[in-house]
Amino acid sequence: MNLVLLFTMVIASVAFVGAAMILTRWISPRTFNRQKSETYECGVPTQGQTWIHFKAGYYLFAILFLMFDIEAVFLFPWATIVQELGMKALVGVLFFLFFLILGLAYAWRRKALEWK
Amino acid sequence: MFDFTSMTTAIDSYLNSVLPSSAATLIECAIIAVCVIVAYLVFAIIMIFMERKVCAAFQCRLGPMRVGPWGLLQVFADVFKMLIKEIISIKNSDKILYNLAPFLVLMSSIITFSCLPFDKGLQVLDFNIGAFFIMAASSFGILGILLAGWSSNNKFSMIGAVRSGGQMISYELSMGLSILTLVVLSGTMQISEIVETQTKGWFIFTGHVPAFIAFIIYIIAGNAETNRAPFDLPEAESELTAGFHTEYSGMNFGFFYVAEFMNMFIIAGIASTLFLGGWAPLYVPGLEGFNSVMECIPGFVWFLAKTFFVIWLLMWIRWTFPRLRIDQVLALEWKYLVPIGLINLLIMTICVVMGWTF
């Protein structure tokens, strides 16, 4: 039932956006001139393409994010059974977090967290 | 407490008695879809109006006053204005991605919105991995923002989108860690069960110090997730025109605007669900009379009161602090919030294992 509802919500959101787009295309005015379809940017004509090489700093943070995001995926099932496992859960996660924090400390030490 | 499941089962059994079961399911799905979309729009309108009035109050102004009494109809006028604006297609843009972006942003926002528990039984999506699902569905919206900036062939949009990507994936971590801390305390990920547990004391009280730290981390990370000041670099007006949605006109822009406001509502709604008890009334052990008086207030009033309290906190932060730089934003996340969040998770585990919770 939940999956049916999820599917319903996806369809509903797509239909909502689509209906609003169709409505606005239907009631809004349509004019054409050459200047209008230019990129706005900041008023002056755009130079060249936008799809160029970009700053690598963001890429570094994305890689770090991957490491920690997968950690969250591992920790969520663990979190639900902490109360049943008791002490065992604490000892187990201490090892896990130790290696994780080691990774963060390494990145920090190698200046991966500095914005250059 | 009034249980809304009795109402929904009544509708369900009535429809099943007059129609074949497949048609009944179809009609139920349609009813639910319409209800969620209408609720979404109503809350969006309330939020936009509230933002304007709160902002005006913080700056010693009156805010919109002309359209309708106290400017109540201003938002409706704005929505109508947006509807009659022409949608411009940009030269040299990536047409498919350009038009796909608002769909993705709205889809993530609406799916997350339907996970919120407004009252007992008044919740659309209730997975047994609810808290995790909410994180997954809300992180989906980053894609839309990245596509919007990437596809519109505008350097400022591009910078805004990349900044937004870097910021939102970073802050998702500490958001996940603070939700994880609460899951350790509750022992379940299902949203309805989490709220059910809190009828015997809200988590911010039963989890005391670690839960409070997690709440503060969550508020900071949630503020960054919604791209609002002091974390509004992706759409910094003074540097990037309007950031990733510069090239969008009319209702296309309106979708981003609505989704941004509703993401704030969702962040506040999740905060009130996980930390402040959702629809659970205030419970003080030992004061039976007080508890029974509190139970007379309906659940959705509790939920909305807590949610709007958190929204007001977020607006207060928005109109008080100046904008951060991108290096400061990332340093705050990686050097402060993530280590604090990890240690806080350990403290919460120790508290739960030792039984030091209330």
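For the 358 residues of chain B, a compact globule would have a radius of gyration (taken over C-alpha atoms, with the rule 2.2 Å times the number of residues to the power 0.38) near 21 Å, and chain B agrees because its value is 21 Å. The model is predicted, so that local features need pLDDT of at least 70 and side-chain atom pairs count only at pLDDT 80 or more, while totals for chains, interfaces and linings use all residues. Residues are numbered from 1 along each chain as its sequence is written, and chains are lettered from A and ligands numbered from 1 in the order in which they are written.

Chain B has 15 helices and zero strands, both being DSSP runs numbered from the N terminus (H or I, at least four residues, for helices; E, at least two, for strands). Buried residues, those with 20 or more other C-beta atoms, placed from the backbone, within 10 Å of their own, make up 49% of chain B. In α1(B), however, the count of buried residues among its 15 residues is zero.

The contact (C-beta atoms, placed from the backbone, within 7 Å) takes 63 residues from chain B and 53 residues from chain A.

Definitions and conventions. A residue is buried if 20 or more other C-beta atoms lie within 10 Å of its own, exposed if 12 or fewer, and partly exposed in between; C-beta atoms are placed from the backbone. Two residues are in contact if their C-beta atoms, placed from the backbone, lie within 7 Å.
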